[in-house]
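Please keep the sequence and the model in view while reading.

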Amino acid sequence: MRGTRNSGLLALGGIALAALLAVIGHVAVNEDLDPWTLTISDFAVSDRGGVIDVAMIVLAAATAVLLPALWRTHAPPATRAGRTAEALLVAWSGGLLLAAVVPTNEPGLPMDTAAYVHRYASVVAFLALPGAGWLLARRLPDAAARRVRALVTASLVLAAAMIWSAYPGDRLLLGLVERLLILTEVAVLVVVAVALLRRVTPVRAA
């Protein structure tokens, strides 16, 4: 279907643009910021309204582009798993948008209400995408499904490592772990978008 293929192209373009903006955001910020220990949110708040915030919004929009295509690839009637996967993608997009709009606190300062909103919006996003990916894998060919499940498993391991680092680990390599987590989760979106680009139709019941 042409609409599905176009959605895949738009999503991949949006993901590529978001990645480029994120890299620019890291290069353009204060050189004193340490990417090994500080999170992407710490970089973003130092350049409030800058390219990292825009990158998050673009990534959320790229995900939203996939939703109509996923609806079209449902074999009616839509299954509960399919609806749940799409709801989780909405939660991922919403979490990204909220985290972009509501900043965290500056590094080293006590957390305020906005910082807590930002944190939990990010948590929702980080947890929602792996769940969506696992459910969407049921509708992909075997090779793509294996890639998605491997990425989801890696993202859950990295999420656990991030929790450890943020609390008992005294932020040891927190920034590195978070960036690896985001890369694996975005890779899930890339696999799904490529499947749509190739006009993949569901071959399994979701």
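## The second largest pocket

H1 provides the largest share of the lining of the second largest pocket, namely six residues, where helices are DSSP runs of H or I with at least four residues, strands are runs of E with at least two, and both are numbered from the N terminus. The model is a predicted one, in which local features need pLDDT of at least 70 and side-chain atom pairs count only at pLDDT 80 or more, while totals for chains, interfaces and linings use all residues. Residues are numbered from 1 along each chain as its sequence is written, and side-chain values use heavy atoms, with hydrogens and water left out.

The space in this second largest pocket comes to about 590 Å³. Its lining has 25 residues, of which Ala 22, Ile 40, Leu 59, Ile 182 and Val 186 are the closest to the centre. A pocket here is an open set of points on a 1 Å grid over the protein atoms alone, where a 1.4 Å probe fits, with protein on both sides within 12 Å along at least five of seven lines, and lining residues have an atom within 4 Å of a point. Grid points are joined across faces, edges and corners, and the volume is the space filled by probe spheres set on them.

At least two lining residues of the second largest pocket come from each of helix H1 (2-28), H2, helix H3 (51-72), helix H4 (80-101), H5 and H7. By type, this lining comprises 18 nonpolar, five polar and two charged residues, with Ala, Val, Leu, Ile, Met, Phe, Trp, Tyr, Cys and Pro counted as nonpolar, Asp, Glu, Lys and Arg as charged, and the others, Gly among them, as polar.

## The largest pocket

The largest pocket holds about 740 Å³ of space. It is lined by 27 residues, and those closest to its centre are Thr 39, Arg 119, Met 162, Ala 166 and Leu 174. Helix H2 (40-46), helix H5 (113-136), helix H6 (142-166) and helix H7 (174-197) each contribute at least two residues to this lining, and H5 gives the most, with eight. The lining of the largest pocket divides into 15 nonpolar, seven polar and five charged residues.

## Thr 39

Thr 39 is placed in the loop between H1 and H2. Its relative accessibility of 10% makes Thr 39 count as buried, since buried means under 20% relative accessible area, exposed over 50% and partly exposed in between (1.4 Å probe, protein chains only). Leaving aside residues up to four places away in sequence, Thr 39 touches Arg 171, Leu 174, Gly 175, Glu 178 and Arg 179, a contact being heavy atoms within 4.5 Å.

## Aromatic rings

Arg 179 also lies over the face of Phe 43, at 5.1 Å from the ring centre, and the charged end of Arg 149 sits over the ring of Trp 134, 5.5 Å from its centre. For such an arrangement, NZ of Lys or CZ of Arg must be within 6 Å of the ring centre and within 35 degrees of the ring normal.

Tyr 116 and Tyr 120 both belong to helix H5 and are four residues apart, about one turn of the helix. Tyr 116 is partly exposed, with a relative accessible area of 38%, and Tyr 120 is likewise partly exposed, at 48% relative accessibility.

## The whole chain

The protein has seven helices and zero strands. Of its 206 residues, 46% count as buried.
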